[in-house]
Amino acid sequence: MRIADTGEETLFREEARAWLADNVPRDPRPAHNLAAQRAYDVAWRRRQFDGGWGHVAWPADFGGRGLPLAQQLIWMEELARADAPDHIDMFFVALQHAGPTLMACGNPQQQGFHLPRILRGDAIWCQGFSEPGAGSDLAALRTRGDIDGDHLVINGQKIWTSFGGFADHQELLVRTDPGSSRHQGISFVICDMQSPGITIRPIGNLAGDDDFCEVFYDNVRIPLTNIVGEPGAGWQVAMSTLGFERGAASIPGVLEINRAIMDLIEEARARRDDGALMALAAARAEALSLRAMVHLVIARGRGGSEGSMVRLRLSELAQHVSGLAMDLLGPVALDRSALGGWPRRHLIDLKHTIAGGTSEIQRNILGERVFGLPKEAKRK
Amino acid sequence: MIDLSLDDEAREIVTAAAELLAKAAPIERLRHPDGELALSGVLAEWGWFAMGAAADEGGLGLGMGAQVSAWVEAGRRLASPSLVATALAACCGPVGLRPAMQAGSARAAFAIADGAGSVFALDRSDAAILVRLDGKLLHFHQAADFTGTLVEPFDETVPTELGRLDAPPLFSNTEGDRAALLIAALLAGNADGAATLAIDYACVREQFGQPIGSFQAVKHRCVDMGVAAFAAQAQVLLAAATLAEDAPGAQLELAAAVMQSRRAARANGQGAIQVHGGMGFTAECHAHRFFKRAHVLMRLLGDEERYAMRLLTTN
């Protein structure tokens with residue numbers, strides 16, 4: 001077991017820290033204005049790419065630096081220390097899911113075209129998975145892709161598509177085998193969001209933003225060459241990256257909550273709020289243990305499902321911590337932008353136990369795949 | 001960068017420790033507790049009380065991380081805290097007694113101040129030394145300086161006496177954090193043992209035509225226990241590694257280890273009883289043992305506020 005950096009790691013950390021000191025944007029990410037956010041996210045992505053920090057984890061073959069995991073973790077620690085923009089921006093889907101999926105299952109043409117554009121910040125991706133009738137039960141999806149010559153014709157609807165109005169491409173799951181049901185007969189398709197027949201309708205969320213959308217497909221034509229992996233094997237393609245370093249993927253959020261708690265401790269101390277301080281001490285213990293969990297998951301080398309334990313606890317801790325901020329602020333919490341926007345954050349935090357797999361589903365998956373509990377029996 | 005993996009040799013020793021405990025410390029032994037006399041003999045022979053000592057000094061040469069992993073296993077089997085007291089006496093107690101403690105020919109037990117001038121002795125048995133934890137300090141008393149009477153113990157497998165220590169300690173050191181870490185390891189193991197008991201039961205107990213673990217309410221409760229136990233173990237291991245390197249943040253990580261292992265053991269102790277339903281409330285079912293022992297170990301760690309303060313004042 002080791003805590004301290006090796007000599008090589010120390011040099012790498014210094015290199016990262018120096019670059020970030022010179023290059024992290026001074027201005028914060030614009031709130032509310034999606035177009036301004038897009039410009040900000042593109043600029044930051046491009047700056048990282050130009051500086052040789054396009055992607056620390058991606059293999060060199062695909063334009064990344066292919067760094068060992070320890071250095072990837074150091075990079076993420078240094079990003080947090082430098083107050084770099086949040087890792088959840090308009091490039092999140094491209095970098096965390098679409099790109100890795102193409103690396104795992106795409107053909108050379110798809111990889112060669114899309115991956116450099118993602119790294120350079122030339123293309124934003126969104127996700128077309130959930131439907132009004134297929135949320136937790138994604139396998140119930142019904143959006144169709146019917147073959148017509150060398151195209152697929154898409155009809156149906158997707159929902160909860162973040163940044164749908166700003167994305168260039170969408171990773172889209174459609175049912176291409178007409179008689180199929182559940183996990184069979186689904187294809188993973190790269191959808192050009194400029195295609196005729198696509199209608200995007202933003203959905204207002206409870207925090208006052210409308211970054212997620214409904215997307216309607218009315219005879220949208222997509223070349224068959226946009227299918228990723230085998231036709232009909234789309235479910236497996238979509239799931240292929242869910243084991244992708246799930247443990248390490250939580251690190252940015254874990255580091256951020258640790259720092260947020262420290263900020264609140266300072267605030268609670270200034271207000272001499274002993275009750276809040278005790279609650280924050282307990283929250284800090286929890287936040288530190290999340291970091292320990294990431295490292296133990298990595299040490300045990302069983303990333304996929306075990307990493308979900310971190311995500312589950314982190315989402316609930318985040319909600320708890322912003323709740324503590326609300327209590328700490330007292331009446332001042334009636335102003336959504338108080339204390340740097342903690343009340344607004346408490347509203348947004350409501351999504352963390354829902355988006356990307358609800359906590360209920362996460363617990364089912366952990367129960368069955370990590371702890372060996374039996375699946376629910378099917379109703380007769 | 002942090003790396004919590006054990007090297008092959010250490011991992012083999014920890015696996016051997018787990019296997020040893022599985023054989024020598026079946027939970028059934030607690031129906032007829034003997035103060036772990038039989039278990040301590042077996043462990044002493046294996047080298048348990050000299051885990052950290054160098055090989056040429058009769059030890060196993062294990063680093064803190066591996067040692068703590070072994071203690072977590074002991075916690076899963078509800079090994080008595082007296083074993084921790086003995087290990088502390090063996091590594092850093094009164095110098096003249098260390099060899100006997102390492103060899104298993106002498107034993108130690110814990111004493112806890114009750115805050116009103118009296119002292120509880122836990123599982124004293126034939127201990128020569130009573131170990132008292134006071135924050136950073138560890139005090140080693142002659143057991144002969146203790147007089148007390150048996151009380152009805154919270155945990156019937158830990159005979160408990162209330163009395164007085166009539167003399168100052170024989171010896172003191174500043175290894176309080178090491179002691180807290182080992183107790184936290186027992187608690188983390190306790191939490192894991194409770195979760196495992198509940199999960200195993202949920203897989204076999206059937207109602208409404210299926211194992212109760214297939215129902216989400218029970219499944220989710222089990223998951224929460226398993227995850228809490230994992231978090232506690234992870235934090236205990238990280239604290240061990242940080243302490244071993246005397247790295248900045250050692251005190252902080254230890255404080256978090258204490259708090260997370262307490263929380264997990266407390267919650268999982270009750271959770272295991274709950275998952276067992278009516279059976280959970282019986283003496284025959286083992287679930288209650290985890291609950292009771294968790295509370296004993298929590299009392300050993302003392303006031304949580306001391307550790308909470310570290311989390312508030314250290315960066």
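Buried here means under 20% relative accessible area, with exposed over 50% and partly exposed in between (1.4 Å probe, protein chains only). By that cut-off A127(B), at 10% relative accessibility, counts as buried. Some notes on the rest follow.

1. Ground rules. This is a predicted model, so to speak of local features pLDDT has to be at least 70, side-chain atom pairs count only at pLDDT 80 or more, and totals for chains, interfaces and linings use all residues. Residues are numbered from 1 along each chain as its sequence is written, chains are lettered from A and ligands numbered from 1 in the order in which they are written, and side-chain values use heavy atoms, with hydrogens and water left out.

2. Around A127(B). This residue sits in the loop between β2 (119-122) and β3 (129-134) of chain B. Leaving aside residues up to four places away in sequence, A127(B) touches R107(B), A108(B), A109(B) and A143(B), where contact means heavy atoms within 4.5 Å. Q142(B) is 15 residues away along the chain, and its C-alpha atom is 9.0 Å from that of A127(B).

3. Chain B overall. I get eleven helices and nine strands here; helices (H or I, at least four residues) and strands (E, at least two) are DSSP runs, numbered from the N terminus. Along the principal axes, the C-alpha atoms fill a box of roughly 65 × 50 × 40 Å. Buried residues come to 58% of the 315.

4. Chain A overall. This one has twelve helices and eight strands. Its radius of gyration is 22 Å, close to the 21 Å from the globule rule for 380 residues, so chain A is as compact as a globular protein of that length. The C-alpha trace spans about 70 × 50 × 45 Å along its principal axes, and 51% of the 380 residues are buried.

5. Contacts in sequence terms. Take contacts between residues at least 6 apart in sequence: in chain A, 69% of them join residues at least 24 apart. For chain B the corresponding share is 66%.

6. I147(A) has L152(A) in β3(A) as its bridge partner. Two residues lie between the strands of this hairpin, and G149(A) in the turn has a positive phi of about 65°.

7. What surrounds β5(A)? Six of the seven residues of strand β5 (residues 186-192) of chain A are buried, so the strand is largely enclosed by the rest of the structure. Strand β4 (residues 169-175) of chain A runs antiparallel to β5(A) and is joined to it by seven bridges, with E171(A) opposite I190(A). Strand β8 (residues 227-228) of chain A is also antiparallel to β5(A), through two bridges, and there V189(A) has I227(A) as its bridge partner. As a reminder, side chains in a regular strand alternate between the two faces of the sheet.

Key:
Rg over C-alpha atoms; globule rule 2.2 N^0.38 Å. Pairing = 2+ DSSP bridges.
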